[in-house]
Every structure is written in structure tokens, then in C-alpha cells.
Amino acid sequence: QNPDLEEGIALKYEEFEDPVMGKFHYGTHYSNAATVMHYLVRLEPFTSLHINLQSGEFDHPDRQFFSIPNAWRNIYVGSDVKELIPEFFCLPDFLRNINGYDLGVTQSKIVVGDVILPKWASSPE
């Protein structure tokens, strides 16, 4: 957890009052279908499910999972709290665009294809 965000998260927890729902630190859900599709978009049947969820096309490239360092940065600054899915530990193929899908180009001119790995990783395995 980012120490800079810790105080704000604790404050939200302490100030939350609801007669039905208990207190919580993060107001998002653990792994759900949309999160799984987000990570596994390069593999069927998740590709088709993702396209269906996005009204018949791939989501905007900047919102797609295209880089592990970028995903980590988004989590660390507190703007994203997606849980890692088990495939991170046992299915390296989900990091490759083996089907050659045209996933677009980000505003930073990054072609979304294979997932960008951290500098310390030489391969998805």
C-alpha cells in the first residue's frame, strides 16, 4: 500500500456511517467478470465477452490492460484497486497477443499488443 494514501483511506474508513453496510477500506469489488475480462482480453472466450461488454468493440486503448508497470502505477497512486487474477501466476499466455487483435494505440502512442512487462522480466514466464 502507498503510505501517502494510507491516512486518507483510514479516514474514509473511520468516517463511514451506514446502518446496513459495515465499514470498508476500498469501495470496489474483488475480482469480478469485468476485471477478469480486463486482464484476459487477449484470450477467448474473454475477447468476445469483452467486446460484448463494450458495445461491440474493444475498450479505449488507454483503459485496457497493456502494461504491468502502468497497472502497478495506477494501483500505487490509488486510482485503481483491481485484484490480481490467478492467471498472473499460472498462465503467461494471457500477456501475449497471440491472436493478433488490433487493440489500438494509446494517447501516448503505445501500440496495445503484447502486455509490456516490468524491466526485470525477460519473458512472461
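So, Ala71: at 18% relative accessibility, Ala71 counts as buried, because the cut-off for buried is under 20%. Ala71 has its place in helix 4. And if you look for Gly113 from there, Ala71 and Gly113 are 42 residues apart in sequence and 15 Å apart in space, C-alpha to C-alpha. Before I go on, please keep in mind that this is a predicted model.

Okay, let me zoom out. The protein chain has five helices and zero strands, so if you read along the sequence you get the pattern α-α-α-α-α. The C-alpha atoms of the protein chain fill a box of roughly 50 × 35 × 30 Å, taken along the principal axes. Of the 125 residues in the protein chain, buried residues make up 26%.

Now the aromatics. How many aromatic pairs does the structure hold? There are six aromatic pairs, and I'll walk you through two of them. Take Tyr39 and Phe65. Their ring centres are 5.0 Å apart and their planes sit at 90°, so the pair is edge-to-face. Where are these two in the chain? Tyr39 lies in helix 2, residues 33–40, and Phe65 in the loop between helix 3 (46–53) and helix 4 (68–76), so the pair ties together parts that are 26 residues apart in sequence. Buried or exposed, Tyr39 and Phe65? Tyr39 is buried, and Phe65 is buried too.

The other pair I want to show is Phe58 with Tyr101. Here the ring centres are 5.9 Å apart and the planes are at 55°, so this pair is tilted. Phe58 and Tyr101 link distant parts of the chain: Phe58 is in the loop between helix 3 and helix 4, and Tyr101 is in the segment after helix 5 (87–90), 43 residues apart.

Together with Phe88 and Phe94, Tyr39 and Phe65 form one aromatic cluster. And one more ring contact, with a charge this time: Lys23 lies over the face of Tyr13, at 5.6 Å from the ring centre.

Phe88 also takes us to the pocket. The largest pocket holds about 390 Å³ of space. Its lining runs to 22 residues, and those nearest the centre are Ile68, Leu84, Phe88, Pro118 and Trp120. Which helices supply at least two residues each of that lining? Helix 4 and helix 5 both do. Sort the lining of the largest pocket by type and you get 19 nonpolar residues, one polar and two charged.

While we have Leu84 up on the screen, let me bring in Asp62. Asp62 is found in the loop between helix 3 and helix 4. Asp62 is partly exposed, with a relative accessible area of 29%. Along the sequence Asp62 and Leu84 are 22 residues apart, and in space they are 19 Å apart, C-alpha to C-alpha.

Next, charges. Side chains of opposite charge can pair when their charged atoms come close. How many salt bridges does a search of the whole structure find? The search gives three salt bridges.

Let's start with Asp59 and Arg63, whose side chains meet in a salt bridge at 2.7 Å, N to O. The two ends sit in different accessibility classes, because buried means under 20% and exposed over 50%. Asp59 counts as buried at 12% relative accessibility, whereas Arg63 is exposed, with a relative accessible area of 52%.

The other two salt bridges share Arg96. On one side, the side chains of Arg96 and Asp93 meet at 2.8 Å, N to O. Arg96 counts as partly exposed at 22% relative accessibility, and Asp93 is partly exposed as well, at 33%.

Arg96 and Glu125 are both in the segment after helix 5, yet the pair links distant parts of the chain, 29 residues apart. Glu125 counts as exposed, at 63% relative accessibility.

Conventions: Residues numbered from 1 in each chain as written. Predicted model: local features only at pLDDT ≥ 70, side-chain atom pairs only at ≥ 80, totals over all residues. Heavy atoms only, no water. Phe/Tyr/Trp six-rings, centres within 6.5 Å; stacked < 30°, edge-to-face > 60°. Helix = DSSP H or I, 4+ residues; strand = E, 2+ residues; numbered from the N terminus. Buried < 20%, exposed > 50% of the residue type's maximum accessible area, 1.4 Å probe, protein only. Lys NZ or Arg CZ within 6 Å of the ring centre and 35° of its normal. 1 Å grid on protein atoms, 1.4 Å probe; cavity = no way out; pocket = protein on both sides within 12 Å on 5 of 7 lines; lining within 4 Å. Points joined across faces, edges and corners; volume = space filled by probe spheres on them. Nonpolar A, V, L, I, M, F, W, Y, C, P; charged D, E, K, R; others polar. Salt bridge = Lys/Arg side-chain N within 4 Å of Asp/Glu carboxyl O.
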